[in-house]
Amino acid sequence: MAETNKILKLGDLAVGEPHPAAATAKRYLEQNFTHAELLMWLEGFCSCSIEGNRSAEICAATLRRLLNGEPVSDRYLLGLAWTMRDCKEAELTRS
């Protein structure tokens, strides 16, 4: 029988417990991008993934799941939000 009351070390997440920053990452995406913009990002990620960009491939799949209302793990959500934030910041500094 699997042990369900395992004592965690300080700083460890319990099995199934999402990272606390995942909610912030989702809120960032919702507050900073319209649905139409998210679709354009999806298209861009898909285009880059065709060229072999692994990060774009993962971001495209994650964003597709989000847009379809499917479950997304916390680390994929954090990676997507961080990538989009970095791209947006880089675009602003070029302007």
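This is a predicted model: local features need pLDDT of at least 70, side-chain atom pairs count only at pLDDT 80 or more; totals for chains, interfaces and linings use all residues.
**View 1. Helix α1 packs against helix α4.** Helix α1, which spans residues 21–32, approaches α4 until their axes come within 9 Å, and the two cross at roughly 45 degrees. That angle makes α1 oblique to α4, and the crossing of α1 with α4 is left-handed. On the α1 side, the residues that meet α4 are A21, A22, A25, K26, Y28, L29 and N32, while α4 contributes D74, L77, L78, L80, A81, M84, R85 and K88. Sorted by class, this contact of α1 with α4 holds 10 nonpolar residues, one polar residue and four charged residues.

**View 2. Helix α2 meets helix α3.** Helix α2 covers residues 35–50, and its axis comes within 8 Å of that of α3, with the two crossing at roughly 145 degrees. As α2 passes α3, the crossing is left-handed. The residues of α2 that take part are H35, L38, L39, W41, L42, F45, C46, C48 and S49, and those of α3 are A56, E57, C59, A60, L63, R64 and L67. The contact of α2 with α3 is made up of 12 nonpolar, two polar and two charged residues.

**View 3. Helix α3 packs against helix α4.** Here helix α3, residues 54–67, and helix α4, residues 74–94, lie with their axes 9 Å apart and pack at an angle of about 110 degrees. The two helices α3 and α4 are therefore roughly perpendicular to each other, and they cross in a left-handed way. From α3 the contact draws on S55, I58, C59, T62, L63, R65 and L66, and from α4 on Y76, L77, G79, L80 and T83. By class, the residues joining α3 with α4 are seven nonpolar, four polar and one charged.

**View 4. The cysteines form zero disulfides.** The structure holds zero disulfides, and a look at C46 and C48 shows how far their sulfur atoms lie from other cysteine sulfurs. The cysteine sulfur closest to that of C46 is in C48, and because 9.5 Å separates these two atoms, they are too far from each other for a bond; a disulfide would need the pair within 2.5 Å. C48 is likewise in no disulfide, since its nearest cysteine sulfur, that of C87, is 8.5 Å away. With a relative accessibility of 23%, C46 counts as partly exposed, and C48 is also partly exposed, with a relative accessible area of 39%.

**View 5. R75 is found in helix α4.** This arginine, R75, counts as exposed, because its relative accessibility is 61% and the term applies to values over 50%. R75 and I7 are 68 residues apart along the chain, and their C-alpha atoms are separated by 23 Å.

How values were computed
Residues are numbered from 1 along each chain as its sequence is written. Side-chain values use heavy atoms; hydrogens and water are left out. Axes are lines fitted to C-alpha atoms, for helices over the stretch in contact, and angles run from 0 to 180 degrees between N-to-C directions. Helices (H or I, at least four residues) and strands (E, at least two) are DSSP runs, numbered from the N terminus. Angles under 35 degrees count as roughly parallel, over 145 as roughly antiparallel, 65 to 115 as roughly perpendicular and the rest as oblique. A crossing is left-handed if the near helix is turned anticlockwise from the far one by less than a right angle, and right-handed if clockwise. Contact means heavy atoms within 4.5 Å. Ala, Val, Leu, Ile, Met, Phe, Trp, Tyr, Cys and Pro count as nonpolar, Asp, Glu, Lys and Arg as charged, and the others, Gly among them, as polar. Buried means under 20% relative accessible area, exposed over 50%, partly exposed in between (1.4 Å probe, protein chains only).
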